[in-house]
Amino acid sequence: MNAETQNSARDHTNNPAPDHTNDPAHDPGYNFAYLDEQTKRMIRRGLLKALAIPGYQVPFGSREMPLPYGWGTGGIQVTASVIGADDTLKVIDQGADDTTNAVSIRKFFRRVTGVKTTEKTAEATVIQTRHRIPEAPLREGQILVYQVPIPEPLRWLERRESESRKMHAYAEYGAMHVQLYESIARFGRITTTYDYPVKVADRYLMSPSPTPKFDNPKMHMNPAIQLFGAGREKRLYAVPPYTRVESLAFEDHPFEVQEWDDACALCGDDKSFLDEVVVDDAGTRMFMCSDSDHCRDRRAAGHRGGAEGAAAEALAAMTGGTDDGSNKDRAEDWAKDREAAQ
Amino acid sequence: MTDNPNDLKPGFADPIAGSQDAFRGLLAAMSYPGSIHRVHLPEGHPAPLSAATAAVLLTLTDGETPLWLDEQADQGAVRAYVAFHSGAPVVDDLATARFAAIAAPRTMPALDRFAPGDPAYPDRSATLILQIEDLEGGETVTLTGPGIETTRTVAPKGLPADFWAQWDRNRMLFPCGVDVILTTGDSLMALPRTVHAEQEG
Ligand SMILES: [Zn+2]
């Protein structure tokens, strides 16, 4: 028996039930967490089935949200269905907590739930993310909610949902392997760097969309609960804790993640996912951690990278820690780079 | 169906916070199979339902989820409670039920009589709530599968004699199959269809 698992799994319900009615921070003009109770119930049922069938896409009746598609309405609906007054929420976008998207979602939940928010991965009980899995290891009981634009990994091969559903039903994934292998034949390597397909619990092909394949290994046997919501496509799926997640690969072309010749200019980390950023008007480019909380933690622990003087200050400003959206430009640059890479 | 409104037990004191809290217990239970979670339903519930069984019904069922009650659970007070708090239609045909509340699991119908979903839509399967004598103190069973890092030992007491043999057959249906929630008093544990169970000896 895993005593630690047993204990931590028991912990969270040993406190008295939270009482949302007296929560002064929650805007009384909205139902708690915005969604109506019937919608939450439907999503909750879907999430339990998603956990029971790891990697399978559960259809659900997605609701209109006060944010446009592309702002993570699927993830927001999942978060709204799981979150309670005692939770501490972290929202990240491209690894950073202070992009426009992350700030808006965090403000939204503060208003409609009154929950505490944080930028620290370790403090969060619920983390909503668009592009990254935090560098800091997650723990049992934490919930990672992914905002998914395109949930169907077979979409690029088969546009008809009725057909892709059949392929999933009978695990007919040969065509997907062929497509990846064609990439090897043409380019000498698999060129997919984002949304790289994985096999979950040796059965379902799943899209980690739109995280970089750098993060795929973090999904494997992760102690946390990983939930995925696609609002426009109306799908929920899940990777339970301690579940096998394998990136598709071939014997002669094993799965490999991105590597950088550089280290983070601020904290010196050569293992984390790096973004290339312009730090001054002269166009000087430097690398820094995409996960800003991770980078701050390392600097607080005394780690330093190669950046000095004004460049270091400019970079540090980008990892912010404020809600003013100053990281917006960097985020948009990053998104453009990402599209160009695909 | 009871005609006496005094028989109607209250639901969650705060339905929004209460069902959110119970759902988080269920989410953790389904994520970490075999782990035990408590729910909070202090306001009373109709016999013979346990607090946990009642909390699961309040949290997950509504007009869109046909509910089957076994003979022991099918009491006027239970029907009144479900009709008022959940609205789930109580059905006679267990194959059409999305949820089942089973108060006497030792004599329950075989698992394979409930809806397993179909290969294209395996989520359209039944979730069975089995109210058992105790979540601990029964025959020891070792669980493996998604949600369990290595192995987890459980000993639920009061299951049908051949439950684990039936469970094995259920697991072979994957991705189809039923999912089970075991309850006693205010506690519950879950067995998603992915769980592999090994009996000792
Ligand atoms: Zn760094």
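## Starting at Asp291(A)

A polar contact here is a pair of N or O atoms within 3.5 Å, where one must be able to donate a hydrogen and the other to accept it. With that in hand, look at Asp291(A) in this predicted model: a polar atom of its side chain lies 3.2 Å from the backbone nitrogen of Asp293(A). The side chain of Asp291(A) also reaches the backbone nitrogen of His294(A), this time at 3.0 Å. Asp291(A) itself sits in the loop between β12 (285-289) and α8 of chain A, while His294(A) belongs to helix α8, residues 292-300.

Buried or exposed, what is Asp291(A)? It counts as buried because its relative accessibility is 3%, the cut-off for buried being under 20%. His294(A), at 17%, counts as buried too. Leaving out residues up to four places away in sequence, Asp291(A) touches Gly95(A), Arg132(A), Pro134(A), Glu135(A) and Ala136(A). On the same terms, His294(A) touches Glu135(A), Asp269(A), Ser272(A) and Cys289(A), and Glu135(A) turns up in the contacts of Asp291(A) as well as those of His294(A).

## Chain A as a whole

Chain A has 10 helices and 12 strands. Of its 342 residues, 56% count as buried. Take the contacts in chain A with a separation of 6 or more: residues 24 or more positions apart account for 66% of them.

## The nonpolar cores

The largest nonpolar core holds 82 residues, and those touching the most other members are Leu47(A), Phe109(A), Leu227(A), Leu27(B), Leu41(B) and Leu67(B). Helix α2 of chain B (residues 51-60) gives this core its largest share, 8 residues. A second, separate core has 30 residues, among them Ile102(B), Phe114(B), Leu135(B) and Trp164(B).

## Where the chains meet

How much area do chain B and chain A bury between them? The figure is about 4,500 Å², with 59% of it on carbon and sulfur atoms. The contact takes 58 residues from chain A and 52 from chain B. On the chain B side, Ile16(B), Arg24(B) and Tyr32(B) lose the most area to chain A, together 14% of what that side buries.

There are 19 residue pairs in polar contact between the two chains, both residues at pLDDT 80 or more, and 5 salt bridges cross the interface. The side of chain B that touches chain A draws at least two residues from each of α1 (15-31), β1 (37-38), α2, β5 (121-125) and β8 (152-154). Of the elements on that side, α1(B) gives the most, with 13 residues. By type, that side of chain B divides into 22 nonpolar, 18 polar and 12 charged residues.

## Salt bridges

Over all chains the count is 29 salt bridges. One of them pairs Glu64(B) with Arg45(A), their closest N and O atoms 3.6 Å apart. Salt bridges that share partners join Arg41(A), Arg45(A), Asp62(B) and Glu64(B) into one network.

Within chain B, the side chains of Asp179(B) and Arg193(B) meet at 2.7 Å, N to O. This pair links distant parts of the chain, with Asp179(B) in strand β9 (residues 179-184) and Arg193(B) in the loop between β10 (187-191) and β11 (196-199), 14 residues apart. Asp179(B) is buried at 0% relative accessible area, and Arg193(B) is also buried at 0%. Now compare a pair in chain A: Lys166(A) bridges to Glu163(A) at 3.3 Å. Both lie in helix α5 (residues 161-169), 3 residues apart, about one turn of the helix. Residues three or four places apart in an α-helix point the same way because the helix has 3.6 residues a turn. Lys166(A) is partly exposed at 45%, as is Glu163(A) at 24%.

## Helix α3 of chain B

Which residues of α3(B) (residues 76-85) are buried? They are Val78(B), Ala80(B), Tyr81(B) and Val82(B). The cover over them includes α2 and β2 (67-69) of chain B. After α3(B) comes Gly87(B), with a positive phi near 80 degrees.

Terms used
Residues are numbered from 1 along each chain as its sequence is written. Chains are lettered from A and ligands numbered from 1 in the order in which they are written. This is a predicted model: local features need pLDDT of at least 70, side-chain atom pairs count only at pLDDT 80 or more; totals for chains, interfaces and linings use all residues. Side-chain values use heavy atoms; hydrogens and water are left out. A nonpolar core is a set of buried Ala, Val, Leu, Ile, Met, Phe, Trp, Tyr and Cys residues joined through side-chain atoms within 4.5 Å. Buried means under 20% relative accessible area, exposed over 50%, partly exposed in between (1.4 Å probe, protein chains only). Helices (H or I, at least four residues) and strands (E, at least two) are DSSP runs, numbered from the N terminus. Contact means heavy atoms within 4.5 Å. Buried area is the accessible area (1.4 Å probe) that two parts lose on being put together, summed over both. A salt bridge is a side-chain nitrogen of Lys or Arg within 4 Å of a carboxyl oxygen of Asp or Glu. Ala, Val, Leu, Ile, Met, Phe, Trp, Tyr, Cys and Pro count as nonpolar, Asp, Glu, Lys and Arg as charged, and the others, Gly among them, as polar.
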